Each structure stands twice: as structure tokens, then as C-alpha cells.
Amino acid sequence: FDDITKIPENDNKALTEIYSKFTSEMKALEEFRNNQMIRIKSKLIPATTYYSSKVKTYKKQIGSYKDKKKQNQKHQNEMNKARESRNALKESQLNEDMKKSRNEMNNIGQNIEKDIMLFEKDRIIDNKYIILHFIHCELAYHAKSLEKLSELYKTIKNLEPKIYLKEFADKLQFKSVNVEDYGYDEREYTKRSINR
């Protein structure tokens with residue numbers, strides 16, 4: 001867009017104005033678009049990163065659950081050995097340890113299930129709203145673009161570079177040229193300048 005404003009236009013003020021209006025409006029739309037993208041990135045990326053890090057917490061809980069399960073299996077094997085060797089004291093102690101371990105496993109298991117379900121509920125709702133936010137930002141950009149481009153279209157359509165054809169011909173001292181043959185209409189341009 002900057003290159004358009006650098007087009008040297010010494011002979012027609014209307015074209016200079018067209019270049020200028022076009023460039024300023026398009027740059028404003030691009031800036032608006034960039035701001036929208038910054039807003040999207042500032043919400044979308046952190047949300048996805050948040051859920052990735054939260055999953056690691058649940059992996060640790062699941063690892064703890066698996067460790068308790070292995071420990072419980074180990075106690076069961078030791079208890080079976082104690083029964084075979086008829087060591088009632090060790091069997092009783094291992095039975096108590098297994099009860100504790102089972103209770104801990106049940107608590108961890110229930111908490112893991114609740115936490116994972118809560119995590120999934122939050123994740124799917126948040127992701128839905130992230131996408132809706134993205135769509136809203138896109139709609140805002142496109143609505144503003146449509147509005148601004150429509151205004152720009154009307155403005156540029158109303159600018160008539162042919163107004164300056166007579167001035168151009170006079171400047172170059174073209175005496176034998178009839179500017180009306182090239183689209184110049186003095187009555188129309190006089191009316192336009194009065195209505196401005």
C-alpha cells in the first residue's frame with residue numbers, strides 16, 4: 001500500500017487523492033486485522049498450553065494409582081507366601097497394609113475419575129468458546145472491512161479524474177485537442193464542484 005502512495009502523480013489531483021484514500025483505508029484495515037490476530041493469539045495459545053500442562057498433573061495421579069496397584073499386588077503375593085508358611089502375624093500385618101492400600105487406591109481412583117471428568121468438561125466448553133471467540137473476531141474484522149471498503153468504494157467512485165483533463169491539456173498547451181472527445185464534460189464537473 002505504501003508503494004501506491006509513492007506513484008508520482010503530478011498531473012491529476014484526483015488520482016493522487018484516490019491513491020491516498022485507498023492506501024490509508026487499506027492500511028487501517030490491515031492494522032485492525034493485525035490487532036484482531038493479536039487478540040486471538042493471546043487467548044487461543046495460552047488456553048491450549050494450559051490444558052497441555054494440566055494433563056501432566058493427571059498423568060502423575062495415574063502414575064501414583066499404578067504404583068499403589070503394584071504395591072497392593074506385591075502385598076498380595078507376600079500374604080500368599082505368609083499363608084503358605086503359616087506366619088499369622090505377618091499375614092495379619094500384610095492384610096492391614098492391603099486394606100490401607102486398597103482404601104488409598106479407591107480414593108485416588110475416585111479422585112482421578114472426578115478430576116478427569118471435570119477436566120474434560122472444562123476443556124470441551126473452553127475450546128468451544130475459544131472457537132466462538134475466533135469466529136467473532138473474524139466476523140468483526142469482515143464486518144468492519146465490508147463497511148470501510150464500501151465507504152472507500154463510494155468515495156473513489158465519486159472522485160472523477162477526468163475533471164483535470166482540461167487542466168492537463170492547457171498545461172501542455174494542446175490547442176487543437178478537444179478534451180470533450182476524451183470524456184471531459186464541463187457542465188457535469190461544474191455541477192459536481194458546486195455540490196461538494
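Modeller: What follows is a walk through some side chains and contacts in this model, which is predicted.

Biologist: Start with Tyr51. Where is tyrosine 51?

Modeller: Tyrosine 51 lies in helix α2, which covers residues 13–84.

Biologist: Buried or exposed, that tyrosine 51?

Modeller: Tyrosine 51 is buried, because its relative accessible area is 7% and the cut-off for buried is under 20%.

Biologist: Which residues is tyrosine 51 in contact with, leaving aside neighbours within four places in sequence?

Modeller: Those contacts are Phe119, Asp122, Arg123 and Asp126. For arginine 123, the C-alpha atom is separated from that of tyrosine 51 by 7.1 Å, although the two residues are 72 apart along the chain.

Biologist: Now aromatic pairs. How many does the count come to?

Modeller: The count comes to one aromatic pair. Phenylalanine 32 and tyrosine 141 form that pair, and their rings are stacked, with 6.4 Å centre to centre and 20° between the planes.

Biologist: Which helices do phenylalanine 32 and tyrosine 141 lie in?

Modeller: Phenylalanine 32 is in helix α2 and tyrosine 141 is in helix α3, so the pair ties together parts that are 109 residues apart in sequence.

Biologist: And how do they count, buried or exposed or in between? I mean phenylalanine 32 and tyrosine 141.

Modeller: Phenylalanine 32 counts as partly exposed at 22% relative accessibility, while tyrosine 141 is buried at 13%.

Biologist: What sits over the ring of tyrosine 141?

Modeller: The charged end of arginine 33 sits over that ring, 4.8 Å from its centre. Phenylalanine 32 has a charge over its ring too: the charged end of lysine 144, 5.4 Å from the ring centre.

Biologist: OK, salt bridges. How many does a search of the whole structure find?

Modeller: The search finds seven salt bridges. One of them joins the side chains of aspartate 2 and lysine 27, at 2.6 Å from N to O. That pair links distant parts of the chain, 25 residues apart: aspartate 2 is in helix α1 (residues 2–5) and lysine 27 is in helix α2.

Biologist: How accessible are aspartate 2 and lysine 27?

Modeller: Both are partly exposed: aspartate 2 has a relative accessible area of 37%, and lysine 27 has 38%.

Biologist: Which residue does glutamate 17 form a salt bridge with?

Modeller: Glutamate 17 forms one with lysine 21, and their closest N and O atoms are 3.9 Å apart. The cut-off for a salt bridge is within 4 Å, so the pair counts. Both residues lie in helix α2, four residues apart, which is about one turn of the helix. Glutamate 17 is partly exposed at 33%, and lysine 21 is partly exposed at 30%.

Biologist: And what about aspartate 170 and lysine 166, how far apart are the closest N and O atoms?

Modeller: In that salt bridge the closest N and O atoms are 3.6 Å apart. Aspartate 170 and lysine 166 are four residues apart in helix α4 (residues 165–171), so about one helical turn separates them. Aspartate 170 is partly exposed at 47%, and lysine 166 is partly exposed at 32%.

Biologist: Change of topic. Which residues form the nonpolar patch on the surface?

Modeller: The patch is formed by Ile124, Ile125, Tyr129, Ile131, Leu132, Phe134, Ile135 and Leu139, and together they have about 740 Å² of accessible area. As one of these, leucine 132 is placed in helix α3 (residues 88–158) and counts as partly exposed at 41% relative accessibility.

Key: Residues are numbered from 1 along each chain as its sequence is written. This is a predicted model: local features need pLDDT of at least 70, side-chain atom pairs count only at pLDDT 80 or more; totals for chains, interfaces and linings use all residues. Side-chain values use heavy atoms; hydrogens and water are left out. Helices (H or I, at least four residues) and strands (E, at least two) are DSSP runs, numbered from the N terminus. Buried means under 20% relative accessible area, exposed over 50%, partly exposed in between (1.4 Å probe, protein chains only). Contact means heavy atoms within 4.5 Å. Patches are made of residues with over 30% relative accessible area and no salt bridge: like charges are joined within 9 Å, nonpolar side chains (Val, Leu, Ile, Met, Phe, Trp, Tyr) within 5 Å. Accessible areas come from the Shrake-Rupley method with a 1.4 Å probe; for residues, only the protein chains shown count as cover. Rings of Phe, Tyr and Trp (its six-membered ring) pair if their centres lie within 6.5 Å; planes under 30 degrees apart count as stacked, over 60 as edge-to-face and the rest as tilted. A charge sits over a ring if NZ of Lys or CZ of Arg is within 6 Å of the ring centre and within 35 degrees of the ring normal.
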